[in-house]
Amino acid sequence: MNTTEVVSTDNKEADSWTEVPNRLRRAQGQLTAVIAMIEAGRDRKDVVTQLVGVSHAVDRAGFKIAAEGIRQSLTERQRGHVPPLSEAEPEKRFLTLA
């Protein structure tokens, strides 16, 4: 692997990691809207539809975090370092999210 590839991978990791707070902020906004819908007496079907969206957004953020952990471990392994996660830990994290 040449240096350019490593830098490129690192930039992708950084970009991907910075997406997580944005995803969570969007989910937070959606959840605030769901609470407002309930307080306004909106139809329960509409509330549930929006709540599914919140749940999906939070799940995606969780999977993104777990994937970043795996990516970080693989990168550390390629560099000859001991990865921060054992091989079983990423699977355990994904299953916890499921």
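This is a predicted model: local features need pLDDT of at least 70, side-chain atom pairs count only at pLDDT 80 or more; totals for chains, interfaces and linings use all residues.
1. R23 counts as buried because its relative accessibility is 17% (buried is under 20% relative accessible area, exposed over 50%, partly exposed in between; 1.4 Å probe, protein chains only).

2. Residues are numbered from 1 along each chain as its sequence is written, and side-chain values use heavy atoms, without hydrogens or water.

3. Helix 2 covers residues 44-78 (helices are DSSP runs of H or I, at least four residues, numbered from the N terminus). Its 35 residues reach 51 Å from first C-alpha to last, close to the 51 Å expected at 1.5 Å a residue (1.5 Å times one less than the number of residues).

4. Look at the two ends. At the start of helix 2, a side-chain oxygen of D43 comes to within 3.0 Å of the backbone nitrogen of K45. Just after helix 2, G80 has a positive phi of about 85°.

5. The buried residues of helix 2 are V47, V54, A57, A61, G62, K64, A66, E68, G69, S73 and T75.

6. E68 forms a salt bridge with R71, at 2.4 Å from N to O. E68 is buried, at 8% relative accessible area. R71 is partly exposed, at 35%. Both belong to helix 2, 3 residues apart, about one turn of the helix. Elsewhere, salt bridges with shared partners join E19, R23 and K64 into one network.

7. R42 and D46 also pair through their side chains, in a salt bridge of 3.8 Å, N to O. R42 is partly exposed, with a relative accessible area of 43%. D46 is partly exposed as well, at 32%. The count of salt bridges comes to 4.

8. L31, I35 and L51 make a nonpolar surface patch, with about 240 Å² of accessible area together (patch residues have over 30% relative accessible area and no salt bridge; nonpolar side chains are joined within 5 Å, like charges within 9 Å; areas are Shrake-Rupley, 1.4 Å probe). L51 is in helix 2. At 40% relative accessibility, L51 counts as partly exposed.

Conventions. Helices (H or I, at least four residues) and strands (E, at least two) are DSSP runs, numbered from the N terminus. A polar contact is a pair of N or O atoms within 3.5 Å; within protein, one must be able to donate a hydrogen and the other to accept it, and residues adjacent in sequence count only if both atoms are side-chain atoms.
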